[in-house]
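Biologist: I'm new to this one, could you walk me through it?

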Amino acid sequence: HYFEQAFRYLPPNTWIIIDNFQDAPAGSALENILALAVRQVPPHITLVLIFSIYHDFLLLHASFEKED
């Protein structure tokens, strides 16, 4: 639960913005790392991923979907 611990150090209303996500190689470790981070984002943090509209949004959305 690395990200849960890391997010505790951030003040309320913090935004984390990752831009040009489409430039990351498909299947890279970054995708897996961000998928873990998204599942652990607390309510006081906003995580924004910005990527080209031409990127395969449905695949990305499915891989980052939070588990209940």
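Predicted model: local features only at pLDDT ≥ 70, side-chain atom pairs only at ≥ 80, totals over all residues.

Biologist: Okay, which elements make the β-α-β unit, and what is its hand?

Modeller: Strand E1, helix H2, which covers residues 29-39, and strand E2 together make a β-α-β unit that is right-handed.

Biologist: And how many bridges join E1 to E2?

Modeller: There are 5 bridges between E1 and strand E2, the latter spanning residues 45-49, and the two strands run parallel. One of the partners to look for is Leu49 in E2, which is the bridge partner of Ile18.

Biologist: Switching to the surface, which residues form the nonpolar patch?

Modeller: The patch consists of Trp15, Ile17 and Ile50, which together have about 330 Å² of accessible area. Trp15 belongs to strand E1, residues 14-18.

Biologist: Is Trp15 buried or exposed, then?

Modeller: Trp15 counts as exposed, because its relative accessibility is 55% and the cut-off for exposed is over 50%.

Biologist: New topic: how many aromatic pairs are there?

Modeller: The count comes to 2 aromatic pairs. In one of them, Tyr2 and Phe3 sit edge-to-face, with 5.1 Å centre to centre and 80° between the planes.

Biologist: Which residues form the aromatic cluster?

Modeller: Tyr2, Phe3 and Phe7 form one aromatic cluster.

Definitions and conventions: Residues numbered from 1 in each chain as written. Heavy atoms only, no water. Patch = residues over 30% accessible without salt bridge, like charges linked within 9 Å, V, L, I, M, F, W, Y side chains within 5 Å. Areas by Shrake-Rupley, 256 points an atom, 1.4 Å probe, with all protein chains shown as cover. Salt bridge = Lys/Arg side-chain N within 4 Å of Asp/Glu carboxyl O. Helix = DSSP H or I, 4+ residues; strand = E, 2+ residues; numbered from the N terminus. Buried < 20%, exposed > 50% of the residue type's maximum accessible area, 1.4 Å probe, protein only. Phe/Tyr/Trp six-rings, centres within 6.5 Å; stacked < 30°, edge-to-face > 60°. Pairing = 2+ DSSP bridges. Right-handed = clockwise from strand over helix to strand, strands pointing away.
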